[in-house]
Amino acid sequence: MTTIADTWGLHEGHFWLRGRHPDQPVSFDAATGMWNVFGYPEALRILGDPKTFSSDTARVLPSLEMSSEGMLTQMDPPTHGKLRKLVSHAFTPKVVADLEPRIAELTRELLDEVADPDRLELVTDLAYPLPVIVIAELLGVPGSDRHLFKQWVDRMFENTQQFSLVNQSEEQERSMAVAMEQFKHLADYIGEHANDRRRHPRADLLTKLVEAEVDGERLTQAEVVNFANILLVAGHITTTMLLGNTVLCLDAHPGQLARTREDRSTIPAVIEESLRFFSPFATLGRVTNTDVELGGQHVPADRLLMVWVAAANRDPREFADPDVFDPSRVPNPHLGFGRGIHFCIGAPLARLEGKVALNILLDRFPHLRTDPDDPPRFIPSPSMTGVQRLPLLTSGS
């Protein structure tokens, strides 16, 4: 069976995209000094037990020249819950549903601006600008600065090598330094806007973060900046990958594409299966707080675990025919948005953006398909699966 990975030459590290399954659900990788978790029940256990498996991975990583204050993805209870609550109101079902007209308006405007009637570059033309404008408007920063965000975020994730705790090569140190430099650009940018909100409050999320109190104290500047950065980066990159991956999945399965065109009520299920089959964030990091037995292995305390949710989403112990793209599978308890207390807070928004954009794409382009002479270009990082560039043909000829 030819896979999407084979057709387009995805990163060799993405073994799950090639129908391969690991021999063990949990194993130690001496080359990187980390434990890899590939199994679904093992991943589910880890993500659901923050007391045993901490999100504070920074404590076992080489020193990074950046503050982790307010870094929601690195936090454990009770601090995590208190900070998450500060923005949870912005992603309630009603608030997200009310954004649908704006998402549809932006989608149509962006597609109207495409210069060539016969071609579309999905990432540049739609999949990147749509979610970044939406999250920027929620935060209160100019969506027109999206070229800056893209420049910084692309460089953050340009490393092609798997991170190692053992072999800290010059190349790894260079890649980390580049990533930190880009993060600093983004932090300085958000910091300027946060300072402005202190002087001139507005009805936006950034103002709410600046004015928020936790246990009677205002957030520090670093907490505000890092919190906002997570929302801005995660708030767009997930949807960018989700939309590109879903289009690729449908393109690779013409029968399913035809069914989706015919019955648009299937789009939410198509998106969920895309999240399982072609998971955007391939891995999540956790640290053991105690010695633990996991997947038949003894893992000591203070060890870094790489939870490969993308591989777990292909675990045959949980999913029948895991290497088959099947939007009709019920249930579909994939881990594409994580699980537990760190379940993606923006998941409802990402799902809505994907549904609206895909509907409009199918309405507008009856012959949408990939260009065999102009292949997609993928994010080079082994820990992410998504397109940086996706040229599509739109005409029938």
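The questions and answers below concern a predicted model.

Me: How are helix α11 and helix α13 oriented to each other, roughly parallel or roughly perpendicular?
Reply: The axes of α11 (residues 221-252) and α13 (residues 267-277) come within 9 Å of each other and cross at roughly 95 degrees. Angles of 65 to 115 degrees count as roughly perpendicular, and therefore the orientation of α11 and α13 is roughly perpendicular.

Me: Which residues of α13 make the contact with α11, and how many charged residues does the contact have?
Reply: On the α11 side the contact is made by L242, N245, T246, C249 and L250, while α13 contributes V270, I271, S274, L275 and F277. Sorted by class, this contact of α11 with α13 has seven nonpolar residues and three polar ones, and the number of charged residues is none.

Me: Is T288 buried or exposed?
Reply: T288 is part of strand β7, which spans residues 284-288, and residues up to four places away in sequence left aside, T288 touches residues including T52, F53, R59, V299 and L305. Buried means under 20% relative accessible area, and because the relative accessibility of T288 is 0%, T288 counts as buried.

Me: Which backbone atom does the side chain of T288 reach at 2.9 Å?
Reply: R303 is one of the residues that T288 touches, along with others such as P300, A301 and D302. At 2.9 Å, the atom reached by the T288 side chain is the backbone nitrogen of R303.

Me: How many residues of helix α7 are buried, and which elements do the buried residues pack against?
Reply: Helix α7 covers residues 129-139 and is mostly covered, with 10 of its 11 residues buried. Among the buried residues are P129, V132, I135 and L139. The elements against which the buried residues pack are α5, α6, α8, α10, α11 and α15.

Me: Which residue in the hairpin of β1 and β2 takes a positive phi?
Reply: Strands β1 (residues 26-29) and β2 (residues 34-37) run antiparallel and are joined by four bridges, with S27 having N36 of β2 as its bridge partner. The hairpin has four residues between the strands, and the residue with a positive phi, near 75 degrees, is G33.

Me: In the open sheet of three strands, which are the edge strands?
Reply: The sheet has the order β4-β14-β11 with antiparallel pairing, and β11 and β14 are paired over two bridges, where R369 stands opposite L393. An edge strand here pairs on one side only, and the edge strands are β4 (119-121) and β11 (369-370).

Conventions
Residues are numbered from 1 along each chain as its sequence is written. This is a predicted model: local features need pLDDT of at least 70, side-chain atom pairs count only at pLDDT 80 or more; totals for chains, interfaces and linings use all residues. Side-chain values use heavy atoms; hydrogens and water are left out. Axes are lines fitted to C-alpha atoms, for helices over the stretch in contact, and angles run from 0 to 180 degrees between N-to-C directions. Angles under 35 degrees count as roughly parallel, over 145 as roughly antiparallel, 65 to 115 as roughly perpendicular and the rest as oblique. Contact means heavy atoms within 4.5 Å. Ala, Val, Leu, Ile, Met, Phe, Trp, Tyr, Cys and Pro count as nonpolar, Asp, Glu, Lys and Arg as charged, and the others, Gly among them, as polar. Buried means under 20% relative accessible area, exposed over 50%, partly exposed in between (1.4 Å probe, protein chains only). A polar contact is a pair of N or O atoms within 3.5 Å; within protein, one must be able to donate a hydrogen and the other to accept it, and residues adjacent in sequence count only if both atoms are side-chain atoms. Two strands pair if DSSP finds at least two bridges between them.
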